[in-house]
Amino acid sequence: MKTIALPALLALVPAFALAQSTPEAPAAATATQHAMIKAGQEQWGDAPAALPKGAQAVVLYGDPGKPGPFAIRIKAPAGYKVPAHWHPSDEMVTIIQGDFHLSMGEGASSHDSDFVPGDFVSLPAKMQHEASTKGGAVVQVSSTGPFEITYVDPKDDPRKPAQ
């Protein structure tokens with residue numbers, strides 16, 4: 001299994017870190033500031049290389065690459081799937097738009113669930129899960145950094161070169 005810290009991902013994908021701000025679309029607040037982001041004013045960029053191609057992301061609060069709390073949104077197109085993976089910290093997910101499906105756990109404790117806008121799920125640290133959407137989705141993820149992702153099957157890791 002391959003683990004990579006988000007700081008390395010952010011270095012590869014500068015749009016994810018919101019390099020600039022305007023009154024209409026403020027940059028992500030740090031953990032010592034408050035944040036106010038109005039719906040529709042986010043500045044979306046490509047999601048980090050740790051996620052399969054096609055998704056977009058925006059940092060709402062904090063810095064996922066550093067210790068401390070953060071909140072991000074991920075916009076996934078129709079048919080998008082993130083293969084089985086886990087994170088070293090708890091992850092809280094709120095569905096903002098669209099349909100969202102999670103397969104969670106492993107072995108006898110595994111289960112699936114479909115989610116719609118307004119639904120919430122808490123995934124404990126190291127819980128294996130797989131996410132997908134049929135029609136597209138926007139989800140908000142809150143956690144504590146530094147954010148990392150480890151794919152259960154290393155061949156699923158989009159950061160690995162194709163062989």
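# Close-up views of a predicted model

**View 1. The lining of the largest pocket.** The residues that line the largest pocket divide into eight nonpolar, one polar and two charged. The model shown here, and in every view that follows, is a predicted one. The volume of this largest pocket is about 160 Å³. Its lining is made up of 11 residues, and those closest to the centre of the pocket are A47, P48, A49, L51 and K53.

**View 2. The chain as a whole.** Of the 163 residues in the chain, 40% are buried. When contacts between residues at least 6 apart in sequence are considered, 70% of them join residues at least 24 apart.

**View 3. The six-stranded open sheet.** Six strands, taken in the order β2-β3-β4-β11-β6-β9, form an open sheet in which the pairing is antiparallel. The edges are held by β2 (45-46) and β9 (120-123), and because each of these has a single partner strand, one side of each is left without a neighbour in the sheet. As a general point, the strands of a sheet pair through backbone hydrogen bonds, in either a parallel or an antiparallel manner.

**View 4. Strand β11 and its two partners.** Strand β11 is mostly covered, with seven of its nine residues buried. With β4 it pairs in the antiparallel sense over nine bridges, and here G68 has G145 of β11 as its bridge partner. With β6 the pairing of β11 is again antiparallel, over seven bridges, and Q97 stands opposite V138 in β11. Strand β6 (residues 91-98) is in turn joined to β9 by four bridges, the two strands running antiparallel, and V93 has V121 of β9 as its bridge partner.

**View 5. The pairings of strand β5.** Strand β5 (residues 81-86) runs antiparallel to strand β10 (residues 129-132), and three bridges join the two; H85 stands opposite H129 in β10. Strand β5 also pairs with β12 in the antiparallel sense, over two bridges, where the bridge partner of W86 is T150 of β12.

**View 6. The largest nonpolar core.** This core has 28 residues, and those with the most contacts inside it are L51, V93, F100 and L102. Two or more residues are given to the core by each of β3 (56-61), β4 (68-76), β6, β7 (100-104), β9, β11 (137-145) and β12 (148-151), and the largest share, four residues, comes from β4. If its neighbours within four places in sequence are left aside, L102 is in contact with a set of residues that includes V121, L123, H129, E130 and A131, and H111, D112, S113 and F115 also belong to that set.

**View 7. The surroundings of W44.** This residue is found in the loop between α1 (6-12) and β2, and it is partly exposed, with a relative accessible area of 23%. Although W44 and A57 are 13 residues apart in sequence, their C-alpha atoms are 5.5 Å apart in space. Leaving aside its neighbours within four places in sequence, W44 is in contact with Q56, A57 and V58, with R73, I74 and K75, and with V138.

Methods
Residues numbered from 1 in each chain as written. Predicted model: local features only at pLDDT ≥ 70, side-chain atom pairs only at ≥ 80, totals over all residues. Heavy atoms only, no water. Pairing = 2+ DSSP bridges. Core = buried A, V, L, I, M, F, W, Y, C linked by side-chain atoms within 4.5 Å. Buried < 20%, exposed > 50% of the residue type's maximum accessible area, 1.4 Å probe, protein only. Contact = heavy atoms within 4.5 Å. 1 Å grid on protein atoms, 1.4 Å probe; cavity = no way out; pocket = protein on both sides within 12 Å on 5 of 7 lines; lining within 4 Å. Points joined across faces, edges and corners; volume = space filled by probe spheres on them. Nonpolar A, V, L, I, M, F, W, Y, C, P; charged D, E, K, R; others polar.
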